Amino acid sequence: MDTGAAGTTGAGDPHYPMVRQCPFDPPQELATIQAQEPIRRVTLWDGSHPWLVTRHADVRAVLADQRFSADNLTPGYPATSPSITARRKNVPSFIAMDDPQHAFFRKMLISEFSVKAIRALRPMITETVDGLLDAMAEQEQPVDLVQAFALPLPSLVICRMLGVPYADHAFFQARSHTLVDTRSSVEDSVAASNELVEYLEGLVAEREASGSEDDMLGRLAVRHVRTGEITREQAASMGLLLLVAGHETTANMIALGTLLLLQDPEQAAKVRAGESVEGAVEELLRLLTVTHLGRRRVATEDVELGGVAIRAGEGVVAAGEIANRDPEVFTDPDALDVDRTPNHHVAFGHGVHQCLGQQLARVELQIAYPALLARFPGLRVDTPLDDIAFRDAMVVYGVHALPVTW
Ligand code: HEM
């Protein structure tokens, strides 16, 4: 067994995250690590040396094993950036809690995101997509696909579900952007989360007073805050997680996924014709893995993983972005194949923290891609790939803007 002792806590460890060579692929160095030393130490921004786990089976093993804690306040937790740690300390969120505390909050939301509940939203999502595409068709070209379509769609949908007025989108999108930028200062990040929580607390308080259960904040307020089960602030922090997770991820999948599909006219044509849509969505989720900075955990006990001894208190970065390219699991892993089956990717994570909003994200993407491509059959990107600003420093990868014509 490799105890990881020799030369593993020093200068030889590669820095994580690494630099991408191609905007659609994880850094080449990750593939080399996966092939040669699939569990090894890396160096993070703060000089810490967590374990990087790169194989699909090992990533799933980490995420399914509750001896690995998601609590980012546990010593040894591999922090993504100074501001993200500070913000989570400030406003605790169940994505960074362990069971039973995590399950206590998650349970309150499970029925809101069930397959059945999300299926019932299809007409509303389709109507929202059509409305945005109608408005986009009227705009002078080139149009920024991010601002015209990719960002407003999931924002409108999650606002409708939560009961957050979309008219306030400039306010919450700006703060959400600060929260997912690894370069944000601690002050800006804490201020952004405080302002969002205060705003959401106001909406929860309104529902407590009115007793309205028409939306998710209302149901949290009436069924859980009024009864004293949770505080108003805790309900607001659940709202914050849903608001941020609910639009940043899907928005980036829409824009980046469209950009990748447009590189391959044959597969784009299939999606435009409404064929292989579900397969295309899974394949784009797998290839792009927009939560590209690894799932972060810390061992609470000594654990043996893939022949490596991970000691209590040591950090682990379970790198889904490269696990989703594991040649042991995916044939020709770097190829886009909208008909790939099976496609057991980990783009939504795995284990108890597996994405709560995955059915919603799937349905939004399954409606958005074919509708966009069918409405604008001549859709093309109006700038060379080299000039596109990719979101390398953001917790959620994607494009900052995408000028398109048709
Ligand atoms: C958790 C990805 C959309 C809400 C996660 C996790 C991943 C992920 C990888 C696991 C985090 C971890 O293990 O540390 C994505 C992707 C999306 C997406 C790729 C879109 C394409 C959404 C949407 C919502 C949402 C639309 C809600 C409206 C959540 C929540 C959690 C979560 C609440 C925390 C679950 C828990 O800790 O129990 N997501 N997500 N996500 N996601 Fe998503």
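Predicted model: local features only at pLDDT ≥ 70, side-chain atom pairs only at ≥ 80, totals over all residues.
# Reading this model, feature by feature

Me: Thanks! What is the phi of Ser 276, and is Ser 276 buried or partly exposed?

Reply: Phi is positive there, at about 55°, although Ser 276 is not a glycine. For burial, count the other C-beta atoms (placed from the backbone) within 10 Å of a residue's own: 20 or more is buried, 12 or fewer is exposed, and in between is partly exposed. Ser 276 has 18 such atoms within 10 Å, so it is partly exposed. Thr 289 has a positive phi too, near 25°, and is likewise a residue other than glycine. You can find Thr 289 in the loop between helix 14 and strand 5 (295-299). Thr 289 has 24 other C-beta atoms within 10 Å, so it is buried.

Me: Which peptide bonds are cis?

Reply: Look at the omega angle. A cis bond joins Tyr 16 and Pro 17, with omega about -5°, and Pro 17 sits in the segment before helix 1. The bond from Asp 99 to Pro 100 is also cis, with omega near 5°. Pro 100 belongs to the loop between helix 3 (82-90) and helix 4 (101-106).

Me: Now the overall picture. How many helices and strands does the protein chain have?

Reply: The protein chain has 16 helices and 10 strands. Its C-alpha trace spans about 60 × 55 × 35 Å along the principal axes.

Me: Which residues of helix 1 are buried?

Reply: In helix 1 (residues 28-36), the buried ones are Leu 30, Ile 33 and Gln 34. Seen down the helix axis, these residues fall within an arc of 100° (taken from the directions from the axis to the C-beta atoms), so they line one face of the helix. Ala 35 and Gln 36, on the other side of helix 1, are exposed. The buried residues of helix 1 pack against strand 1 (39-41), strand 2 (51-53) and helix 15 (320-323).

Me: What does Ala 255 touch?

Reply: Two residues are in contact if their C-beta atoms, placed from the backbone, lie within 7 Å. Leaving out residues up to four places away in sequence, Ala 255 touches Leu 145, Val 146, Ala 150, Gly 398, Val 399 and Leu 402. Ala 255 is also one of the residues with the most contacts inside the largest nonpolar core, along with Val 53 and Val 316; this core has 108 residues. A nonpolar core is a set of buried Ala, Val, Leu, Ile, Met, Phe, Trp, Tyr and Cys residues joined through C-beta atoms within 7 Å.

Me: And where is the place of Glu 364?

Reply: Glu 364 has its place in helix 16. With 28 C-beta neighbours inside 10 Å, Glu 364 counts as buried. Glu 364 and Leu 153 are 211 residues apart in sequence, yet 8.1 Å apart in space, C-alpha to C-alpha. Not counting residues up to four places away in sequence, Glu 364 touches Ile 125, Leu 153, Pro 154, Val 157 and Thr 250.

Me: Last one: how many residues surround the ligand?

Reply: The rule is that a residue is near a molecule or strand if its C-beta atom, placed from the backbone, lies within 6 Å of it. Here 25 residues surround the ligand, and the closest are Gly 246, Thr 249, Gly 349, Cys 355 and Gly 357. Helix 12 (232-262) and helix 16 (358-375) each supply at least two residues of this shell. Helix 12 gives the most, with 7 residues.

Technical notes. Residues numbered from 1 in each chain as written. Helix = DSSP H or I, 4+ residues; strand = E, 2+ residues; numbered from the N terminus.
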